[in-house]
Each structure stands twice: as structure tokens, then as C-alpha cells.
Amino acid sequence: MAKDANRFFVNVCLEVYVPDQGCGDNAIKNENSDAEWFANEICSQIPKAINKNFEYSERPYSVNDATFIKQQRG
């Protein structure tokens, strides 16, 4: 990261889809677990993917961290 870079915290909302797990309480629990796992996977890959994409940009853009906070069923 450049010495003169400014740090910003940005809130982002992602809409993700997970496979249907059937009917019942266990299905909902499994779908919620899948959604949380998927969101964590996305967050863990964001810094590397974005930094690679902007590696040769004119200015030094970078992502240091992406963190999953909460989920809401739509």
C-alpha cells in the first residue's frame, strides 16, 4: 500500500443464492449455515481478487480486509 494512501471503511451488501435444502427447521438451519459459509468464502477471496485486478492501475488502490458481519434472509 502506498505511503500516502487514505484508509476508508465501506459497507457493502451482497445478494447471494444458496441451494434449496428442502422443507422443515433443519432445512432452514442448513440454508442459513450455507449462506454464512458462502459469504465468508467470498470475503476471504475479495482482497486477493481485487488487489490482483488493480495491480497495474494508475493509482495504488487496494483492499486490506473483507469481513462477514451478519446475514438476513430475503
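In this report a residue is called buried under 20% relative accessible area, exposed over 50%, and partly exposed in between, with a 1.4 Å probe and protein chains only. V16, at 30% relative accessibility, therefore counts as partly exposed. The structure is a predicted model, in which local features need pLDDT of at least 70 and side-chain atom pairs count only at pLDDT 80 or more, while totals for chains, interfaces and linings use all residues. Residues are numbered from 1 along each chain as its sequence is written, and side-chain values use heavy atoms, with hydrogens and water left out.

**Helix 1 and the segment before it**

Helix 1 spans 25-53, and V16 lies in the segment before it; helices here are DSSP runs (H or I, at least four residues) numbered from the N terminus. P19 is also found in the segment before helix 1, and at 56% relative accessibility it counts as exposed. I46, by contrast, lies in helix 1 and is partly exposed, with a relative accessible area of 27%.

| Pair | Distance along the chain | C-alpha separation |
|---|---|---|
| P19 and D34 | 15 residues | 8.3 Å |
| I46 and D65 | 19 residues | 7.8 Å |

**The salt bridge**

A search of the whole structure finds one salt bridge, a term that stands for a side-chain nitrogen of Lys or Arg within 4 Å of a carboxyl oxygen of Asp or Glu. The side chains of E31 and R73 meet in this way, at 2.4 Å from N to O. Because E31 lies in helix 1 and R73 in the segment after helix 1, the pair ties together parts that are 42 residues apart in sequence. E31 counts as buried, at 8% relative accessibility.

The largest pocket has a volume of about 1800 Å³. A pocket is an open set of points on a 1 Å grid, where a 1.4 Å probe fits, with protein on both sides within 12 Å along at least five of seven lines, and its lining residues have an atom within 4 Å of a point. Of the 37 residues that line the largest pocket, V10, N11, V12, C43 and T67 lie nearest its centre. The lining divides into 21 nonpolar, nine polar and seven charged residues.

Conventions:
Helices (H or I, at least four residues) and strands (E, at least two) are DSSP runs, numbered from the N terminus. Grid points are joined across faces, edges and corners, and a volume is the space filled by probe spheres set on the points. Ala, Val, Leu, Ile, Met, Phe, Trp, Tyr, Cys and Pro count as nonpolar, Asp, Glu, Lys and Arg as charged, and the others, Gly among them, as polar.
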